[in-house]
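Thank you for letting me speak at today's meeting. Please take a moment with the picture before I start, and then we will go through it step by step.

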2 protein chains.
Amino acid sequence: MEKAVFYHAGCPVCVSAEHDIIELIGADNVEIVHIGEMRAKIDEAEKAGVKSVPALVTSNGNVLHINFGASIADVKG
Amino acid sequence: MEKAVFYHAGCPVCVSAEHDIIELIGADNVEIVHIGEMRAKIDEAEKAGVKSVPALVTSNGNVLHINFGASIADVKG
């Protein structure tokens, strides 16, 4: 199975959700991408359908927006 | 570990998220509660901090609001 990808931007809501997701599905099953620090990944996240962070893109391509830290527009800005 | 609880109201967004969550963490690790059908559980969900469904309350009490199906107010109404 391909890994899920957790996109975040380092915001407090993101960090808290990251801990919860790792606890729930295991660190080995998710790739963590900080789109604030890896700005080339913003495009990838948008193409996957991510509208806000934190968000988890599952291995089958579904996007789960979790709580609300920041919109992608805010991360870009 | 106590189980996580996934609260939903039967909406399409909820059903889709339910499948994803079960896929990610396993059906044995999450209790599914349909607050549209089990209205006594609405109070429990609100006390846990659930503002909208679908939402996952982790075993340590954190609330992950996932995408947006309906607000608790809408479910009550």
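**Two copies and how they meet**

Let me begin with the relation between the chains: chain A is superposed on chain B by a rotation of 180 degrees with 0.0 Å of shift along the axis, and the RMSD is 0.0 Å. The two copies are thus related as by a two-fold rotation axis. Please keep in mind throughout that this is a predicted model.

Which residue of chain A comes closest to the rotation axis? That residue is A:I66, whose C-alpha lies at 2.3 Å from the axis.

Now to the interface itself, where 16 residues of chain A are in contact with 16 residues of chain B. Of the interface residues of chain A, 100% are also interface residues in chain B, so the copies meet through the same surface.

The size of an interface is often given as the accessible area lost when the parts come together. Here chain A and chain B bury about 1,300 Å² between them, and 58% of that lies on carbon and sulfur atoms. Three residues, A:D20, A:L24 and A:L64, supply 40% of the area that chain A buries against chain B, which is more than any other three residues supply.

How many salt bridges and how many residue pairs in polar contact are there between chain A and chain B? The count of salt bridges between the two chains is zero, whereas the count of residue pairs in polar contact is six, with both residues at pLDDT 80 or more.

If we ask which elements build the side of chain A that touches chain B, we find that α1 (12-25) and β4 (63-71) of chain A each supply at least two residues. The largest share, six residues, comes from α1(A). Sorted by class, that side of chain A has nine nonpolar, six polar and one charged residues.

**Inside the chains**

Let me turn to the links between side chains, starting with the disulfides, of which a search of the whole structure finds two over all chains. One disulfide joins A:C11 to A:C14, with an S to S distance of 2.3 Å. The torsion about the S-S bond of A:C11 and A:C14 is about 65 degrees, so this disulfide is right-handed.

As background for the next part, side chains of opposite charge can pair when their charged atoms come close. Over all chains, the search of the whole structure finds four salt bridges. In one of them the side chains of A:E44 and A:K41 meet, at 3.2 Å from N to O. Both A:E44 and A:K41 lie in helix α2 (residues 41-48) of chain A, three residues apart, which is about one turn of the helix.

What is the peptide bond from A:V53 to A:P54, cis or trans? That bond is cis, with omega near -5 degrees, and A:P54 is found in strand β3 (residues 52-57) of chain A. In chain B, a cis peptide bond joins B:V53 and B:P54, with omega about 0 degrees, and B:P54 is found in strand β3 (residues 52-57) of that chain.

Finally, A:N67, which lies in strand β4 of chain A, has a phi near 45 degrees, a positive value in a residue other than glycine.

Note on methods: Residues numbered from 1 in each chain as written. Chains lettered and ligands numbered in written order. Predicted model: local features only at pLDDT ≥ 70, side-chain atom pairs only at ≥ 80, totals over all residues. Heavy atoms only, no water. Least-squares fit on C-alpha atoms with pLDDT ≥ 70 in both. Contact = heavy atoms within 4.5 Å. Buried area = accessible area lost by both parts, 1.4 Å probe. Polar contact = N/O pair within 3.5 Å; in protein donor to acceptor, adjacent residues only side chain to side chain. Helix = DSSP H or I, 4+ residues; strand = E, 2+ residues; numbered from the N terminus. Nonpolar A, V, L, I, M, F, W, Y, C, P; charged D, E, K, R; others polar. Disulfide = S-S within 2.5 Å.
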